[in-house]
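Okay, thanks for coming, everyone. I'd like to walk you through one structure today, and I'll keep it short. Let me put it up on the screen.

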Amino acid sequence: MSDHSSLFGTYMRIPLRFERGEGVWLITEDGDRYMDFATGIAVSSLGHSHPHLVAALKDQADKLWHLSNIYEIPEQTRFADRLTEATFADRVFFTNSGAEALECAIKTARRYHFHKGQPDRYGIITIEGAFHGRTLATIAAGGQAKYLEGFGPKAAGFDQVPFGDFDALRAAIDDNSAAILIEPLQGEGGIRAIPKQWLQDIRALCDEHGLLLILDEVQTGVGRTGKLFAHEWAGITPDIMAIAKGIGGGFPLGACLATEDAASGMTAGTHGTTFGGNPLAMAVGNAVLDVVLEDGFLQNIRDVGLIFTQGLASIADRYPDVVEEIRGTGLMLGIKCKCPNSALQLAMRDQHLLGVPAGDNVVRLLPPLTITAEEARMGLEKIDAAAAIVSGNLAKQA
Ligand SMILES: *Cc1c(COP(=O)(O)O)cnc(C)c1O
């Protein structure tokens, strides 16, 4: 491990120093090339140094970087118009991160009920294994003990139910409930999909009880699963949705989207941000949308995703001692390991391929959405080679 003594010790850093990125590749100071299937955890959605994004950023940098939200920001309005045009939403609030987008989503849901004369409805029901960020409210929403420990009393108003237990979800609803908050496909939790039917049932449950449905599409959004947003696979829409990660293509950018009704409590002065929605972020976000909304872009994600799922299934067949199961949709994929996920992760890195560990002993693969079929096959060869080595090591140990 390198010594980062002047930094908080919150990260166990991998001793690799990248200097440049080109598409699916990251290049170290020494010129070593790594295939990036981690993408800053689903952030560099169009790969590294995408020419359209670089041009948009440089162009805006020459004009104007920052403006307070006390002024009109035309690029912000345009971006919001395009997002609402493409989704269920009527209103957008821009943030700098996923956790802030979730904070806004939670505040919007609580404020909705307050605005409708039911201030006691502030409870948010979430799902075990969820990840919603690292602020005090979002660690309470995620509910994971390892993220809550030592940070004082857990923020009030968050209840968790077991993954996949619809009866528990129904039973958790009471007079104080405001919303159900859910990731359509858990990322950090181990690429665990909420079945379509369950999402539809949850939507119906929310309607029945006057709850708002908040979707956390911070990781699943902006094309990652082969639809613009993952909830489209289930044919439902939320009332509120948090997005971030891929929407900025590497620039810190998030957003909370809501229907007109759900956003009705968020009147002047109820919420704010200094940096959120500034002209630099808006220029890059609009440029990401230019690419993602192009004809055929989402289809390519589905096509290359299929190459991955087929290739990974074949790897799973050949190395059953290493791979237990292949999970995911589009280019949000997970290898559930039989060996420790760290062993496969390390072996992949030795093959110059970067993945990300997730919960439930999974290695996540989140390649750039711009990846070609040829690059996908090259990546699969590296994963195959890594699995072969791990399998060989396991055989030696036995
Ligand atoms: C990454 C992530 C977040 C938190 O985003 P930050 O930008 O790190 O605050 C929230 N929800 C999900 C599903 C995520 O993957």
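Let's start with helix H8, and with what sits against it. The buried residues of H8 pack against strand S5 (123-127), helix H7 (166-172), strand S7 (177-182) and strand S10 (212-216). Before I go on, please keep in mind that this is a predicted model.

So which residues of H8 are the buried ones? They are Trp198, Leu199, Ile202, Arg203, Leu205 and Cys206. They sit on the same side of H8, because the arc they cover around the axis is only 160 degrees.

As for length, H8 runs over residues 196-209, and its 14 residues should span 20 Å at 1.5 Å a residue. Just after H8 comes Gly210, with a positive phi of about 65 degrees.

Now, follow the chain past S10 and look at the loop between S10 and strand S11 (240-243), where you'll find His231. Is His231 buried or exposed? It's buried, with a relative accessible area of 3%. If we leave out neighbours within four places in sequence, the contacts of His231 are Phe88, Pro184, Leu215, Glu217, Ile236, Thr237, Pro238 and Met241.

Next, the ligand. Around the ligand we have Ser97, Gly98, Ala99, Phe131, His132, Gly133, Glu183, Asp216, Val218, Gln219 and Lys245. Asp216 has a side-chain N or O atom 2.7 Å from a nitrogen atom of the ligand. With Phe131 it's the backbone: an N or O atom there lies 3.2 Å from a ligand nitrogen. And Lys245 puts a polar side-chain atom 2.6 Å from an oxygen atom of the ligand. How much of the ligand does the protein bury? On its own the ligand exposes 380 Å², and the protein buries 81% of that.

Asn278 caps the N-terminal end of H9, with a side-chain oxygen 3.1 Å from the backbone nitrogen of Leu280. H9 is largely enclosed by the rest of the structure, because 13 of its 14 residues are buried. Its end C-alpha atoms are 20 Å apart, in agreement with the 20 Å that 14 residues should span at 1.5 Å a residue.

H10 covers residues 297-318, so to speak 22 residues, and reaches 32 Å from its first C-alpha to its last, close to the 32 Å expected at 1.5 Å a residue. Its buried residues are Phe297, Ile301, Val304, Gly305, Ile307, Phe308, Gly311, Leu312, Ile315 and Ala316. Why do we say they share a side of H10? Because they cover an arc of only 165 degrees around the axis. The other side of H10 has Gln310 and Asp317, which are exposed. And what covers the buried residues? The cover includes helix H9 (279-292), strand S13 (323-329), strand S14 (332-337), strand S17 (362-365) and helix H12 (373-397).

Last stop: the loops around strand S16. Gly355 lies in the loop between strand S15 (353-354) and S16. Gly355 is buried, at a relative accessible area of 11%. Setting aside neighbours within four places in sequence, Gly355 contacts Phe37, Ala38, Gln345, Met348 and Arg364. Gly355 and Gly334 are 21 residues apart along the chain, and their C-alpha atoms are separated by 9.6 Å.

Then, in the loop between strand S16 (356-358) and S17, there's Asp360. Asn361 lies in the loop between S16 and S17 too. What is the phi of each? For Asp360 it's near 65 degrees, a positive value in a residue other than glycine. For Asn361 it's near 60 degrees, again positive in a residue other than glycine. As background, most residues other than glycine have a negative phi.

How values were computed. Residues are numbered from 1 along each chain as its sequence is written. This is a predicted model: local features need pLDDT of at least 70, side-chain atom pairs count only at pLDDT 80 or more; totals for chains, interfaces and linings use all residues. Side-chain values use heavy atoms; hydrogens and water are left out. Helices (H or I, at least four residues) and strands (E, at least two) are DSSP runs, numbered from the N terminus. The expected span of a helix is 1.5 Å times one less than its number of residues. Buried means under 20% relative accessible area, exposed over 50%, partly exposed in between (1.4 Å probe, protein chains only). The arc is that of the directions from the helix axis to the C-beta atoms. Contact means heavy atoms within 4.5 Å. A residue is near a molecule or strand if one of its heavy atoms lies within 4 Å of it. A polar contact is a pair of N or O atoms within 3.5 Å; within protein, one must be able to donate a hydrogen and the other to accept it, and residues adjacent in sequence count only if both atoms are side-chain atoms. Accessible areas come from the Shrake-Rupley method with a 1.4 Å probe; for residues, only the protein chains shown count as cover.
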